[in-house]
Amino acid sequence: MVEAAPAVTRVPSAISFALIAAREAGLPLLWITQPKSGCHLFPEGVMDFLSPDQLLIACPANATDALAVAEEALKDKSVRTVVLESYSELNLREGRRLQLAAKTGGGLGLCLIRENMGSNASETRWYCEGVYDPKTADSTLMRWECKKNKSGTIGVWYVRWDRTAHRLHMVPPPAI
């Protein structure tokens, strides 16, 4: 399991992180949200990242059902990537079950969480935020920080998604 934490939930940089990860890990993508999120991912809004026909959206009634849907989808192998928007803290048992399900199915499980609400079972934990570059007046720059990695490097990367070429570019940090 991979976790991505924005400063607040449903910020564009965390959603972009999830969509780019899904594109690289494999499609179709199952996006699981909860009714209290107040809004849903709009399929045509993801067209810069993937075709809307590769996106499935589930809106279970509560957090328990959302975890169950994510676990079963990860085990099933019918989708390659599962994104779970979580509004409550994931405990070690829940995180481990999702991690084992992802390993069984061979896909990517990604939880969008609030900062400091992740599970110790996650393989990596990322912090995602948008960055405004005053030098270029660009608001599409993102800062991705890997804060936890059980098997590799941690660090900070500045990236920009090229919607025309469908590529991720690593860029230098903005001059502030």
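Helix α2 is followed by K77, whose phi is positive, near 75°. The model is a predicted one, in which local features need pLDDT of at least 70 and side-chain atom pairs count only at pLDDT 80 or more, while totals for chains, interfaces and linings use all residues. Residues are numbered from 1 along each chain as its sequence is written, and side-chain values use heavy atoms, with hydrogens and water left out.

View 1. Helices (H or I, at least four residues) and strands (E, at least two) are DSSP runs, numbered from the N terminus. Helix α2 comprises residues 63–76; at 1.5 Å a residue its 14 residues should span 20 Å, and its end C-alpha atoms are 20 Å apart, which agrees. The expected span is 1.5 Å times one less than the number of residues in the helix. Buried residues of α2 are A66, L67, A70, E71, A73 and L74, where buried means under 20% relative accessible area, exposed over 50% and partly exposed in between (1.4 Å probe, protein chains only). Their cover includes β2 (29–32), β4 (81–85), α3 (92–105) and β5, contact being heavy atoms within 4.5 Å.

**View 2. Salt bridges around E71.** A salt bridge is a side-chain nitrogen of Lys or Arg within 4 Å of a carboxyl oxygen of Asp or Glu; the whole structure holds 6 of them. E71 is buried at 12% relative accessibility. R97 and E71 meet in a salt bridge with an N to O distance of 2.9 Å. This pair links distant parts of the chain, R97 lying in helix α3 and E71 in helix α2, 26 residues apart. R97 is partly exposed, at 42% relative accessibility. K75 also forms a salt bridge with E71, the closest N and O atoms being 3.6 Å apart. K75 and E71 are separated by about one helical turn because they are 4 residues apart in helix α2. A network of salt bridges links E71, E72, K75 and R97.

View 3. Rings of Phe, Tyr and Trp (its six-membered ring) pair if their centres lie within 6.5 Å; planes under 30 degrees apart count as stacked, over 60 as edge-to-face and the rest as tilted. By this rule there are 4 aromatic pairs. The rings of F17 and W126 have centres 5.4 Å apart and planes at 45°, so the pair is tilted. F17 belongs to helix α1 (residues 12–25) and W126 to strand β6 (residues 124–133), 109 residues apart. F17 is buried at 7% relative accessibility, and W126 is buried at 18%. F17 and W144 form an edge-to-face pair, 4.8 Å centre to centre with 85° between the planes. W144 lies in strand β7 (residues 138–149), 127 residues from F17. Ring pairs link F17, W126, W144 and W157 into a cluster.
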